[in-house]
Amino acid sequence: MHDASLCGCPGSHSRRRFLRRAGLGIGSLGLLALLQEAGLVVAADGATSADDATSTDGATFASPLDARAPHFAARAKHVIHIFPEGGPSQVDTFDPKPALAKYHGRSVDDVLKNYTKDAGEAASGMGRLSGKLQRSAFQFAQHGRAGIEISELFPKLAAHADDLCVVRSMSTNTSVHEPAQLMMNTGAFAAVRPSLGAWSVYGLGSENRNLPGFVSLSPGGTTSSGDKQWTGAFLPAWCQGTAVPTRDPQVAKMIEHVRSGTTSLREQRRQLDLLNALHDDFAARHPGAALLEGRTAAFETAFRMQIEAAEAFDLNREPTHIRAAYGETEQGRQLLLARRLVERGVRFVQVYHNGWDTHDLNDERHRELAAACDGPLAALLTDLKQRDLLKETLVLWGGEFGRTPTSDNNDVAKKKGIGRDHNAGGFTVWMAGGGVKPGYVHGATDDFGALAVVDRLDVHDLHATILHLLGFDHTRLTYRYAGRDFRLTDVFGNVVRDILA
């Protein structure tokens with residue numbers, strides 16, 4: 001059962017219940033805080049920020065997004081999840097397999113009898129392993145004091161080998177994009193459940209009232225699976241992610257209409273107070289109707305974003321040498337934005353990198369994709385370290401699954417070159433900072449790179465470990481909905497202590 005005392009979460013103390021007790025006086029407090037932050041008024045005691053604004057009885061005004069203490073001391077305060085959407089090839093990036101060169105061009109079942117039969121549905125279903133074994137076109141070399149083998153595709157990231165915790169034994173239970181993406185982001189593939197980012201905000205709140213606690217950055221503001229990957233589902237509305245399109249780097253395009261050109265802050269506050277009063281009256285007559293509460297919470301966040309969002313998303317405020325390090329590319333801008341957001345207290349930031357579904361021209365596409373993210377990834381790690389943020393920021397790079405060690409045998413006649421199919425049986429993710437063991441490789445796939453065979457992790461184990469780094473016992477961070485207690489890891493998951501620093 002959810003116990004607000006365990007994680008400091010608001011739990012059953014809903015916004016409308018608070019408003020019912022506090023009345024419309026809360027509106028004037030919100031206005032005072034906002035005007036102080038904007039520099040338009042100074043409190044009698046000289047306070048100039050929202051955190052200094054107090055009610056008439058001296059109690060600090062509380063927000064559901066206020067930062068809260070977790071179950072135990074956290075190693076990470078923020079998460080940046082870089083999501084290479086589509087499924088990168090582990091055998092071409094971070095998991096070298098010399099056997100693929102030895103048996104190149106042969107069927108896996110010719111090399112190992114019944115291999116495909118024994119591989120399981122997630123790895124071999126839909127004919128995924130029916131092609132010929134395909135060697136990697138890329139050379140691997142050892143890097144750093146740890147000697148981690150990394151593909152030539154990532155020369156700049158390889159310089160950070162001693163910061164990386166590479167997990168080569170990930171697995172998941174479906175090789176279809178949308179359910180696998182849902183699984184990696186929400187811990188469930190058959191139903192829409194709250195995402196990892198939403199659970200993180202639910203447990204910890206945020207460190208900045210003027211920005212969303214969870215931001216999702218993608219070129220078009222959405223993904224091939226829609227917005228389910230950053231959903232709050234049945235968690236309180238303030239937990240869900242805020243999608244920001246990044247293709248056009250102009251602030252006015254990324255966060256359109258962040259400021260009103262016709263209505264003052266004071267008038268907007270009055271309008272929101274009226275909306276809250278109308279909603280409070282409706283909620284009293286229709287208990288359990290949460291949709292409108294989510295809408296009013298979104299309006300409140302948008303109102304407060306007028307103070308800080310424009311500054312946070314304006315990359316022109318960064319020095320020229322920092323922008324140059326990240327690169328004037330889509331991925332470079334997104335990762336620089338991610339650093340700016342966590343620096344300002346945003347709890348969870350997702351960064352999407354599209355195009356890794358390489359059924360065709362696998363080698364050519366991986367060259368292009370790696371070239372687009374190698375420099376920005378290295379710049380992000382360097383930047384976080386220089387700002388002393390890496391130790392409290394968990395950086396995770398990983399998509400929904402990997403790719404087969406065989407050539408894609410589907411629709412061969414339509415292909416322009418060799419591709420690789422989806423592989424859920426074994427793939428790689430890497431992490432850095434935030435309490436993970438640096439310069440470490442965990443687990444292994446088989447000789448072909450198709451199946452995790454040593455220290456296998458499933459997605460629930462990964463999620464349990466991330467929540468642990470954020471200071472939570474994943475079995476106790478729960479939310480009661482529809483008569484039962486839900487958690488991110490359902491009834492599964494174990495913290496992988498070997499990867500903890």
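Just after helix 9, glycine 187 adopts a positive phi of about 80 degrees; helices (H or I, at least four residues) and strands (E, at least two) are DSSP runs, numbered from the N terminus. The structure is a predicted model, in which local features need pLDDT of at least 70, side-chain atom pairs count only at pLDDT 80 or more, and totals for chains, interfaces and linings use all residues. Residues are numbered from 1 along each chain as its sequence is written, and side-chain values use heavy atoms, with hydrogens and water left out.

Helix 9 is largely enclosed by the rest of the structure, because 9 of its 10 residues are buried (buried means under 20% relative accessible area, exposed over 50%, partly exposed in between, with a 1.4 Å probe and protein chains only). The buried positions are His177, Pro179, Ala180, Gln181, Leu182, Met183, Met184, Asn185 and Thr186. Two packed helices are described by the angle between their axes and the distance between the axes. For helix 9 (residues 177-186) and helix 17 (residues 459-469), the packing angle is about 30 degrees and the axes are 9 Å apart. Helix 9 is therefore roughly parallel to helix 17. Axes are lines fitted to C-alpha atoms, for helices over the stretch in contact, and angles run from 0 to 180 degrees between N-to-C directions; angles under 35 degrees count as roughly parallel, over 145 as roughly antiparallel, 65 to 115 as roughly perpendicular and the rest as oblique. At this contact (heavy atoms within 4.5 Å), Met183, Met184, Asn185 and Thr186 of helix 9 meet Val459, His460, Leu462 and His463 of helix 17. The residues involved comprise 4 nonpolar, 4 polar and no charged, where Ala, Val, Leu, Ile, Met, Phe, Trp, Tyr, Cys and Pro count as nonpolar, Asp, Glu, Lys and Arg as charged, and the others, Gly among them, as polar.

Helix 17 also lies across strand 4 (164-170), strand 8 and strand 11 (427-432), and runs at about 165 degrees to strand 8. These strands belong to an open sheet of 8 strands with the order 6-5-7-1-8-11-4-12 and mixed pairing; two strands pair if DSSP finds at least two bridges between them. Strand 6 (242-245) and strand 12 (440-442) form the edges, each with a single partner strand, so one side of each is left without a neighbour in the sheet. On average, neighbouring strands of this sheet are turned by 15 degrees against each other, direction ignored.

Within the sheet, strand 1 (residues 78-84) pairs with strand 7 in the parallel sense over 6 bridges, and isoleucine 80 has valine 349 as its bridge partner in strand 7. Strand 5 (residues 214-218) likewise pairs with strand 7 in the parallel sense, over 4 bridges, with leucine 217 standing opposite valine 351. Strand 7 (residues 348-353) is largely enclosed by the rest of the structure, because 6 of its 6 residues are buried. Both of its faces are covered, with Phe348, Gln350 and Tyr352 on one side and Val349, Val351 and His353 on the other.

In soluble globular proteins, nonpolar side chains tend to be buried together. A nonpolar core is a set of buried Ala, Val, Leu, Ile, Met, Phe, Trp, Tyr and Cys residues joined through side-chain atoms within 4.5 Å. The largest such core has 50 residues, of which Ile82, Phe154, Phe313, Val395 and Trp430 touch the most other members. Helix 16 (residues 362-386) contributes the largest share of this core, 8 residues. Residues up to four places away in sequence aside, valine 395 touches Ile80, Ile82, Leu380, Leu381, Leu384, Leu390, Trp430, Met431 and Ala432. A second, separate core of 46 residues includes Val79, Trp199, Phe401 and Leu477.

Most residues other than glycine have a negative phi, and most peptide bonds are trans. Asparagine 114, although not a glycine, has a positive phi of about 65 degrees; asparagine 114 is placed in the loop between helix 5 (108-111) and helix 6 (115-119) and is partly exposed, with a relative accessible area of 37%. Aspartate 490, also not a glycine, has a positive phi of about 55 degrees and is found in the segment after strand 16 (484-486).
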